[in-house]
Amino acid sequence: MLLIALLIIPLAACGKEKVKKVRVAEVTRSIFYAPQYVALEKGFFKEEGLEVDLKTTPGGDKTMTALLSNGADIALVGSETSIYVEAQGSKDPVINFAQLTQTDGTFLVSRKKISSFDWNQLKGSTFLGQRKGGMPQMAGEFALRKHGIDPHKDLKLIQNIDYANIATAFASGTGDYVQLFEPTASVFEKEGKGYIIASFGTESGHLPYTGYMTKKSFLTEDKDTIEKFTRAVYKAQKWVYSHSSKDTAKVIEPYFPDTDLSLITTVVDRYKSQESFAKNPILDEKEWNNLQDVMNEAGELPKRIKYGKLVNTSIAKNVIKN
């Protein structure tokens, strides 16, 4: 019996697939990242043999620091951060390998209800914007310039308020207009504190707003893990677009315990209808160039980076193909 036991134990161990732990740092917790939470809740990562340890590290700088200091294996953050790191002369470049969102996620909210909105109505107003150098602010400025508005000359632009306090400042009476993420924009509309009148995501076009990235060294050493991770993300992206907004809201509800299901559904539907959720993980060259155009117009592009230097689409393309 002892001999049989000694033979069975190693065979059982060989038959059990080893689970790989992957540490992921997300720049914020947001309904904007719905496909990621779907992948977690539906077990798509587990199907790939991955155990995802997800942590929220507020702010692009903190998220990138976590990645560069080996505090995370993968970062979910705006692609502009990889350009900033490259411009500083990194010896281990940060590579974008999968895209999660493909538009800006903010909305223009007015203090007063406007039946017929025209962008020229913003001229001379007080505008409560986002952090200087951040993707929301750059996309916002890009949209304003598109409509002939110089954000630094035609508006009284306020940018000295912390991200966490922008909504509170507007609710307290600061500004005529504000740039807000969901679900805050919809909450304000529901409570009569403000009214959504335009989408910066629609206005600024497709760009790699939020994506998954890792250090080149990790990608080289553990390509298999990155491929499995990307495959799980792609499954979730397809799931979101093949199911109703309410279905998605129900799945991701545990990640937003303080938000009503109806509000989560509204936000998911808003982002889904304007195709803010990427339909596949491929970050294409047109999107990459649009990102750099947006950064350049905002005066925040340190230097133009060729598409292939910081973007690797081979894994995403292979995942979709197979």
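The whole structure holds 16 salt bridges, each defined as a side-chain nitrogen of Lys or Arg within 4 Å of a carboxyl oxygen of Asp or Glu. This is a predicted model: local features need pLDDT of at least 70, side-chain atom pairs count only at pLDDT 80 or more, and totals for chains, interfaces and linings use all residues. Residues are numbered from 1 along each chain as its sequence is written, and side-chain values use heavy atoms, with hydrogens and water left out.

Side chains of opposite charge can pair when their charged atoms come close. Take arginine 23 and aspartate 73. Their closest N and O atoms are 2.9 Å apart. Helices (H or I, at least four residues) and strands (E, at least two) are DSSP runs, numbered from the N terminus. Arginine 23 is partly exposed, at 28% relative accessible area. Aspartate 73 is buried, at 12%. Buried means under 20% relative accessible area, exposed over 50%, and partly exposed in between (1.4 Å probe, protein chains only).

Arginine 145 pairs with glutamate 141, with 3.4 Å between the closest N and O atoms. Both lie in helix α6 (residues 135-146), 4 residues apart, so about one helical turn separates them. Arginine 145 is partly exposed, with 27% relative accessibility. Glutamate 141 is buried, with a relative accessible area of 4%.

Glutamate 275 and lysine 279 form a salt bridge at 3.1 Å, N to O. Glutamate 275 is partly exposed at 30%. Lysine 279 is partly exposed at 42%. Elsewhere, shared partners link Glu47, Glu48, Glu227, Arg231 and Lys235 into one salt-bridge network.

Now the nonpolar cores. Such a core is a set of buried Ala, Val, Leu, Ile, Met, Phe, Trp, Tyr and Cys residues joined through side-chain atoms within 4.5 Å. The largest has 83 residues, and Tyr212, Phe229, Ile252 and Trp288 touch the most other members. Helix α11 (residues 223-242) gives the most to this core, with 8 residues.

What does phenylalanine 229 touch, not counting residues up to four places away in sequence? Its contacts (heavy atoms within 4.5 Å) are Val24, Phe45, Leu50, Val52, Ile74, Phe97 and Tyr212.
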